[in-house]
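Hi,

Here is the model I said I would pass on to you.

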Amino acid sequence: MTWTIVVGVKQVPDDDEIGIDPDTGRLDRASAPAVMNPPDRDALEAALSIADEVDARVVAMTMGPPMATPVLEEAVAMGCDDAVLITDRAFAGSDTWPTSLTLARAAEALDADVVVCGEETTDSSTGQVPPGIAAHNGWAQLTYVEELEPDPEGGRLIATRDVEGGHERVAAELPVVVAVAYGEFEARPAGLHRKIYAENDFEPAQLTAEELGIADEVGLAVSPTAVGGMETVEPVERRGEVVDDVDGLVEPIRGVET
Amino acid sequence: MSAILDGRVGDAAIEEPNYDGEFDAVVVGAGLAGSAAALTMADRGLEVLLIERGSSPGAKNVFGGVLYTPTIRELVDLEDAPLERYVAEKRFSMLSHDDETALSISPGEWRREPHNDSYTVLRGEFDEWFAEQAVDAGATLVTETTVTGLLREGREVVGVETDRPDGGVEAPYVVLAEGANSLVGEGANLKATESRENVAVAAKEVLEFPNGENVIEDRFRLFGDAGVSYHYFGEGAVGEAFGGGFIYTNGDTVSVGVAYRLEDAAANDQSPEETLNLFKSHPRVAPLLRDARTVEYSAKTIPEGGAESVPDLAHDGAVIVGDAAGLVLNNGVHLEGTNMAVESGYHAGRVIADANARGRTDADALEAYGRALEESFVVKNLERYAWLQETVEEDRELLFETMPTAFADAGAEYFRMDREPKAEHASRAKRAVVDALGGWRGLAKLALRYRKVVT
Amino acid sequence: MTDVDTSEYADVWVFVEEHAGDVMPVSWELLEEGRKLAEKTDEELVALVIGEGVDAVAEEAIARGADRALVADDPVFEPYRADPYGAQFRAMVEEYKPSIALIGGTHTGRDFAGRVAVPTHAGLTADVTEIDVDDEGILQARRPAFGGDILATIICEDHRPQMATIRPGVFEAAEPDRDREGEIERAEVAVEEAETVSEVLEREVGDTADITEAERIVAVGHGVEGELGPALELAEALDAELAASRAAVDEGWIDGSRQVGQTGKTVRPELYVAVGISGAIQHLEGMNNSGTVIAINNDPNAPIFEHADYGYVGDFAAVCPELAEKLADGKPMEVTR
Ligand SMILES: Cc1cc2nc3c(=O)[nH]c(=O)nc-3n(C[C@H](O)[C@H](O)[C@H](O)COP(=O)(O)OP(=O)(O)OC[C@H]3O[C@@H](n4cnc5c(N)ncnc54)[C@H](O)[C@@H]3O)c2cc1C
Ligand SMILES: Cc1cc2nc3c(=O)[nH]c(=O)nc-3n(C[C@H](O)[C@H](O)[C@H](O)COP(=O)(O)OP(=O)(O)OC[C@H]3O[C@@H](n4cnc5c(N)ncnc54)[C@H](O)[C@@H]3O)c2cc1C
Ligand SMILES: Nc1ncnc2c1ncn2[C@@H]1O[C@H](COP(=O)(O)O)[C@@H](O)[C@H]1O
């Protein structure tokens, strides 16, 4: 049996390029270019490494505006066999509930045996989408995964998970949703010819909410959570004093009353 | 696969894409020379692959600078180009450790279109835009990819090798536009490693003025899009080294830097960064930069061997353009590489397109590129100043130490306010210069030696 | 779409996370904070205990402030797995209809919370650092957004329960009061082993240090390159707990339970010494509540210096032992623990 592995990738503003405005001490996000969510590179690597071991097809998916296509191109450049852009105006204002519903339906449509996601996104940082996908489809899930061992005979995927203070090895039946721990799967570089192909000649397939049959179940209206307000947090005031010798640290440390 | 996706996923991607032979030419480096070559070839219907190691073209490029646009203007519409300011004033200063003697040039003509084809730019923005023009013309750009070597069949260059897996790509023509630090060309023995005395190091910072509006306009006496390029020499600029300092005004920032001979940099055991800091703190420079904050620091090399160190430009299946070919004029008065980079890229592209039409890839066919350069301002200018390096080297102490002080002393003497008659001051001022420069005979010789710089 | 009658929902739930009898400290932090919410809304504070043989845990939950403990006790729940936990929690939510449910933002909490929120169409806010409730009983869940620069208040008006996973260490736990009384109620076990889709093959839990309570912390980063000796020496001189950045944890030099930051713990020591840590925003989020922050880094441009009170530019391998020695030389540090 050929496994179908679907990878969720998302475009986010580049954290590294987000400068700190020295006057306000705040982050200047607006000017940051859009990049692939860094933890999703780990997800791609994990997916491709499963495909190295078992007969598998790897398909990347993203739910986002057409502008997000470059993350799919990057995925194909790295080695994904194909990619799908799930895009629709109806998605506007979706929180994690409709987002994970959409990705769950897309994973079903793609006949996924395994869905691989990143630990969390750097822009919404909830880490809820992968368990959400699993819950919507009633599939097994494996989060904070550091190692993967496919077990095609048993129709299972075995994972080493990071649990507080240690590790566990868990076997899950297919289909399964995996969220890999950030930093555990170092992404392989894209091959030259694949990169040229992905960036210039590849066109991802597109899927709409209508086609997934969820046009009335996505967007702002069905999102249970809403942003009630935003406050800027004053950056913590620190002295920022750099001392010339180690003695300069001794006094302040002694000064700390406990 | 479900019905809704039938046929739509799985068919799109091809198994193992292969672009060997799909491109007519590969260009190494999306700097000014590379993009000019790519654009020229794409305009003539060639399939071009432009390979850049940076995350975007220009991301890593260090530069003063002033972009000279006579050739680029012919290739693209500069209307939407990210130009910072046009150069309305050029100022040349001699600095001793605490004196300055300066000459400022600001012709009315420079304030009118096309502004003497001299604009300050930030390369991170400009190179990206210029490469985009090549892509719009049909070229294919891949970034974050470093060319590590050339593919060869016998003597013939037939493609490039990159640092990516599956990283070789074959094409009939390769344009080496990798800039001054041309590891690929050197590695493939298409050019010799620049000897130390022919390489300058440069350190540059981009500074911004966080406090206050219109700081740049006020400090440099500017209106609208006008800008300045200030050039400094003498020991107050780069110590005893052969070279100089510069300040260029961008839109909201200024570029400040020093460039001097690598040999001196090594001998002086002072880092380019330290030299730059000393220059920035010169009493005549510091006020221009007061309250500025560094937003970017970079260091780089500049070839300055002149016409003699230009390597063979045409090889079987390959040509060398821009800084990689040593096409920079850096003599203190002029620091020009951008115009030469674009001009050389343009000629190389044109000649390859012609050769391609005739089915030729051999060096003889590509030799037309070298000839075109020789007939252009590029080689003519380099030749014109070829003698300068050596001569300056001989007069180093005189030019960079004695002269700045002598001129400053003369100025101080000439305008001295005391109760002596002016005639006394004038003759003492004259004597200060004449003595310092080796008497009247010395002065006459010096004038003869350097007349070509300005005539 | 699920139209819920929000008035049918009442009470504040706190999930008490236990593994083989060990309770994660964040659970007690949440009971104390949940108590405040329940008092405001004039509702009951209910501790939810899922596991095998967890009566003692339920009793402790009462002592720590719960009015009632709801217990689902069955071998299917030991060791933890997302699917049985999610299904059980969901069944209890559907039966008892809590208005608010607070879950510790541990790997476990964040693993199964979504499996409850999705089928019940609840509002779930992740990684919350401040909570409050308004007059209408609407949970105001505040969480850092945009790299910690902004505190976004997330609300859920029309769906129930209002769920949140809460970052460990941001609240303080109250001491248990053994005289407190409360009801322990057994809930129906809604899961059968045959229905589960996962199996735990091995589980090894060693270091479960609680750095959130430490008065002093020496935290190491990627810059120490696996060489812990110098930092340990300093930690000893200071009587400090060792903690780490994620990069150091990822390298396997330090256990994950000692990670400080957005996906680790929030600490609030009097003294925080960052050794070979660059000062990434995700790290700062976990250490911003510290008293005095000291940074040792060999890169003068490392961002950590802007977020430290005192910094020293130098190689940690030389600086830490020197500092340790100098601290030991003078008057001994007062140790109050
Ligand atoms: C400090 C300084 C100030 C200057 N000021 C001026 C000035 O005011 N006016 C002026 O006209 N000139 C100035 N110059 C000179 C001018 O910058 C150069 O002459 C010009 O940039 C040359 O263009 P180029 O395209 O040949 O090379 P570059 O601009 O250096 O471009 C080379 C490109 O190739 C890429 N590359 C290199 N190796 C590889 C590889 N192996 N694989 C893939 N990509 C590669 C690089 O990333 C780069 O993008 C200055 C130079 C310096 C250093
Ligand atoms: C979704 C997400 C969640 C994250 N959550 C967390 C989190 O919870 N906690 C966390 O910490 N990070 C987190 N990160 C990672 C974070 O972005 C940084 O990558 C990480 O904090 C960097 O760790 P570091 O400072 O130890 O390593 P580096 O950034 O590599 O810094 C090492 C430092 O050591 C210095 N150094 C090197 N050698 C020496 C020497 N000999 N002496 C002294 N100094 C030296 C260097 O100058 C450098 O500043 C998260 C990232 C993401 C994307
Ligand atoms: N819009 C999206 N499209 C595809 N995958 C997503 C999307 N949002 C989240 N994911 C996946 O879910 C993971 C966790 O995201 P989050 O829950 O938003 O922190 C990410 O690392 C992605 O792998």
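Predicted model: local features only at pLDDT ≥ 70, side-chain atom pairs only at ≥ 80, totals over all residues.

Residues are numbered from 1 along each chain as its sequence is written, chains are lettered from A and ligands numbered from 1 in the order in which they are written, and side-chain values use heavy atoms, with hydrogens and water left out.

Of the two pairs of chains in contact (heavy atoms within 4.5 Å), A and C share the most contacts. Chains B and C have no contact, and their closest C-alpha atoms are 12 Å apart.

Chains A and C: 76 residues of chain A meet 88 residues of chain C. About 7,000 Å² is buried between the two, 54% of it on carbon and sulfur atoms; buried area is the accessible area (1.4 Å probe) that two parts lose on being put together, summed over both. On the chain C side, His107(C), Asp149(C) and Tyr310(C) lose the most area, together 10% of what that side buries. There are eight salt bridges across this interface (a side-chain nitrogen of Lys or Arg within 4 Å of a carboxyl oxygen of Asp or Glu). Glu119(A) and Arg246(C) form a salt bridge, with their closest N and O atoms 2.7 Å apart. Helix H4 (residues 107-120) of chain C gives the largest share of the side that touches chain A, nine residues; helices here are DSSP runs (H or I, at least four residues), numbered from the N terminus.

Chains A and B: 29 residues of chain A and 33 residues of chain B take part. The buried area is about 2,500 Å², with 58% from carbon and sulfur atoms. Leu192(A), His193(A) and Tyr197(A) supply 27% of what chain A buries against chain B, more than any other three residues. Salt bridges between these two chains number zero. Among the elements of chain A that each supply at least two residues to the side touching chain B is helix H5 (192-200), and H5(A) gives the most, with eight residues.

Cheers
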